[in-house]
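Welcome! Please take a moment to look at the sequence and the 3D structure before reading on.

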Amino acid sequence: MRRTLILAIVLIVLPLEVFSQNKILRKADTAFKYQRYNTAVTLYQKAFTKLKKIDRERQSYVLYQIAQAYHNSGQYGKATSQYKRAIKARYYTQDPSVYLQLAKLQLSLGFFSDAIENFDYYLEYIPDDTSAIAGRAAGILGMEAQEQPTRYEIANVKKINGRESEWSPRYVGEEEDIISFTSTRVGVTGKKMDEWSGQRFSDIFICKQDAKGEWSMPEKIDKNENLSSKYSESDAIFTNDGTVAYFTFCSNEKKKDGRCVIKTSKFDGTEWGKPEDVSIGGDSISDFVHPYITPDGGTLYFASNRAGGFGDLDIWVATGSGTEFGEPVNLGSCVNSVEKECYPFLRNDTLLYFSSTGHNSMGGFDIFKATKNEDGFCDVTALDFPINTNSDDFAICFYKDQNKGYFSSNRMGGKGMDDIWSFYLPDLLFTISGTVRNDENMQPVSEAIVGIMGSDGMFANTRTNSKGFYRFDARQIKPATTYSITVEKKDFLGAEATETTVGLTQSKDFIRNFTISPVPKGAVTLPEILYAVGKWDLQEQYQDSLIGLITLLEKNPRLVIELASHTDIRPIAMGNDSLSQLRAQAVVDYLIERGIHPERLIAKGYGHHVPRTITSPIYAFDSGVVLTETYINTISDKNLRESAHQLNRRTEFSILRDDFIPSDGNASVLATLGNVEDANKISYIENPNGYPEFDAVANGIGISVVLVEKTKTSVISTNTCVRLLQLGKLGKSDFQNNEKAIDDEGQVLAGQKVTVKDIRVGPFYLYDVELVTSDELEADIVINKTLMEKLGSYSINKSNKQITIGKTQ
């Protein structure tokens with residue numbers, strides 16, 4: 001009888017216990033459905049206790065749900081532990097996405113190798129899951145990003161942040177000295193805990209910044225509490241004048257489904273008015289959060305889970321005003337993914353910044369940028385580390401026209417859960433500097449002209465100082481540009497080099513030193529060039545012997561040289577003089593084919609009349625030996641005698657002068673600066689009177705030029721004339737009045753006509769420029785529109801401060 005009674009009791013208790021378990025689970029699932037995660041965790045824990053000895057399968061489900069609740073409410077450490085417990089309980093046999101969720105969480109926490117491992121486990125079950133494939137790639141990207149930080153400078157805004165959560169910074173008004181943000185700190189209006197997050201209900205706070213950049217203590221935006229209810233207000237955004245606010249409101253009432261809406265309120269100069277609901281396309285079902293209102297109040301961007309989207313939350317846009325906005329439009333698949341997109345912020349009407357857990361985020365929410373084109377916002381790119389990290393990074397805002405602002409993040413190093421961080425992106429600055437020295441004695445070379453030509457067409461030049469130093473600053477050296485650098489100095493051979501800023505993400509000071517060699521005195525023997533007997537055709541195998549000479553001429557475009565050909569003393573039928581002239585001309589013709597200007601080349605055949613002088617020991621011949629016919633005839637060794645004849649058969653060049661200017665044309669592009677496409681942009685600065693001022697070279701000397709289009713006459717400073725006279729770059733014959741243009745003390749008189757042999761503006765030359773001397777000019781030379789147009793048609797871009805010169809006539 002007793003055993004029967006016990007059995008009956010068991011049969012009664014078990015159904016009651018199962019019913020109790022099911023009831024608790026249903027309540028937990030309902031709380032989870034409506035995002036009351038804190039409540040859901042408590043209920044799941046009760047259900048787990050009752051299930052522990054009875055239902056292992058549902059037990060693993062409960063562990064997974066607890067992990068999800070912790071994950072969704074931002075309690076990531078607890079979530080990680082629960083996911084691992086669910087995996088240990090073999091929940092993956094029911095739903096392998098437990099690996100996926102753990103991997104995503106580990107990705108957001110920066111445990112990249114662990115995340116990749118769990119993505120791989122999940123992909124064994126679901127190999128084609130694009131989110132897992134993308135997540136795995138993001139893990140690899142995250143490891144790489146941490147090893148290559150950018151020049152962003154970030155800092156925790158400790159004056160604003162507390163021990164709780166602060167997020168969603170936004171500016172109030174045009175002055176940008178008041179910032180609003182959302183917080184769950186002590187002092188919020190709501191006294192209860194939010195069942196969604198387990199934190200206090202949030203309110204909107206503000207801080208004011210003083211002239212020193214210090215923030216005041218945070219205070220609620222609205223002391224009369226119109227904008228501070230017992231529920232959650234967050235994510236405030238303001239019209240341009242700061243008098244209209246839009247914000248997110250979430251009631252989270254137990255008897256309701258916890259819908260979030262956007263509300264608006266007006267400031268009357270004293271206090272904020274009672275908030276009103278914003279109607280968006282008449283939708284009374286969906287959640288609407290994270291508003292961004294354009295400065296004119298006519299366009300509203302927001303995040304919503306409304307039907308027709310691509311993922312959990314999408315970004316939408318609607319037009320209207322006040323409390324009424326029309327049917328919203330989804331921003332499309334370029335911006336929105338199958339994940340969450342939220343916290344839109346519009347910059348300069350063409351750049352949309354937003355936060356997303358998709359788009360191969362580095363972990364959790366990352367901040368992305370989309371560029372507006374004719375099809376809408378597209379070309380989505382992630383902001384660089386350390387703006388984006390493995391943590392949640394979201395809700396960015398910028399100061400107007402500046403690369404600095406604030407954003408929210410729960411990264412390590414903060415004061416609370418979510419904190420507000422400042423960021424600043426310093427300008428990418430480059431300089432090129434160095435010294436120019438004499439290659440023979442390593443002494444500095446002063447007054448050398450150093451020029452740069454950028455791949456963007458920008459040209460500038462400067463002169464070395466007494467210590468041989470030159471420098472181009474950040475106004476002249478730009479990012480993503482390659483520069484050809486040339487060095488010129490009278491009586492020296494030129495030099496050139498290349499530097500590039502392409503691909504550089506950090507500022508850099510380039511150091512490029514040069515050594516330049518004095519122009520050789522006398523003849524320079526070229527490498528051996530052999531001809532068939534009695535022939536003068538330059539054979540292909542000996543063309544390489546001229547490469548060095550071609551390079552020299554290309555680097556030094558003002559050199560004029562003589563090409564000399566010599567024969568040995570043995571006579572031939574046509575005569576050695578004729579043969580040597582033909583051979584010298586053959587070399588000249590080849591150099592012309594390679595692009596050397598014909599007027600720079602003079603062919604001269606010397607026959608056997610200039611025997612070679614040995615300058616360094618070779619064969620059995622000592623330095624100083626002259627291989628005359630008499631000397632050669634004294635050589636008894638036949639082979640040595642033949643070597644002497646061979647040494648006399650040679651091709652040499654001598655530099656005649658270094659002031660070449662082509663006669664074919666009024667202006668020409670400087671060859672040494674390379675074939676840079678569209679090399680026609682001249683950078684300038686505005687002088688105190690607002691006229692363009694730029695660098696130029698007059699008769700080989702660097703000068704400053706001001707363009708005054710309406711002036712009648714182009715003029716040159718009398719002081720500049722004196723400087724050119726002292727440097728030997730002008731002579732009295734260049735003045736129309738000759739010596740009468742110069743007084744007894746050597747000063748140039750005003751009102752004198754003077755001809756400047758050449759003026760180089762950017763890569764262009766003007767020749768035989770007639771100017772009038774003038775005292776107290778604002779630059780070395782002032783030119784008018786007529787003279788400027790001799791370079792070619794031109795236009796002035798005042799925003800970029802560049803003069804673009806068209807093709808010369």
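This report looks at a strand hairpin, aromatic rings and charges over rings.

## About the model

This is a predicted model, in which local features need pLDDT of at least 70, side-chain atom pairs count only at pLDDT 80 or more, and totals for chains, interfaces and linings use all residues. Residues are numbered from 1 along each chain as its sequence is written, and side-chain values use heavy atoms, with hydrogens and water left out.

## A hairpin with a buried strand

Let's begin with strand 11, residues 288-293. Strands (E, at least two residues) and helices (H or I, at least four) are DSSP runs, numbered from the N terminus. Six of the six residues of strand 11 are buried, so the rest of the structure largely encloses this strand. Here, buried means under 20% relative accessible area (1.4 Å probe, protein chains only).

Strand 11 pairs with strand 12 (residues 299-304) in the antiparallel sense, over four bridges; pairing requires at least two bridges found by DSSP. Phe288 has Ser304 in strand 12 as its bridge partner. Five residues lie between the strands of this hairpin, where Gly297 takes a positive phi near 75 degrees.

## Aromatic rings

The structure holds 34 aromatic pairs, meaning rings of Phe, Tyr and Trp (its six-membered ring) with centres within 6.5 Å. In one of them, Tyr64 and Tyr91 have ring centres 4.8 Å apart and planes at 20 degrees, so the pair is stacked (planes under 30 degrees apart). Tyr64 belongs to helix 3 (residues 56-72), while Tyr91 is 27 residues away in the loop between helix 4 (76-88) and helix 5 (97-109). Both Tyr64 and Tyr91 are buried.

Ring pairs also link a cluster, with Tyr292, Tyr301 and Phe345 among its members.

## Charges over rings

The charged end of Lys263 sits over the ring of Phe249, 5.0 Å from its centre. Likewise, Arg306 has its charged end over the ring of Trp316, 5.1 Å from the ring centre. This term applies when NZ of Lys or CZ of Arg is within 6 Å of the ring centre and within 35 degrees of the ring normal.

Definitions and conventions:
Buried < 20%, exposed > 50% of the residue type's maximum accessible area, 1.4 Å probe, protein only. Phe/Tyr/Trp six-rings, centres within 6.5 Å; stacked < 30°, edge-to-face > 60°.
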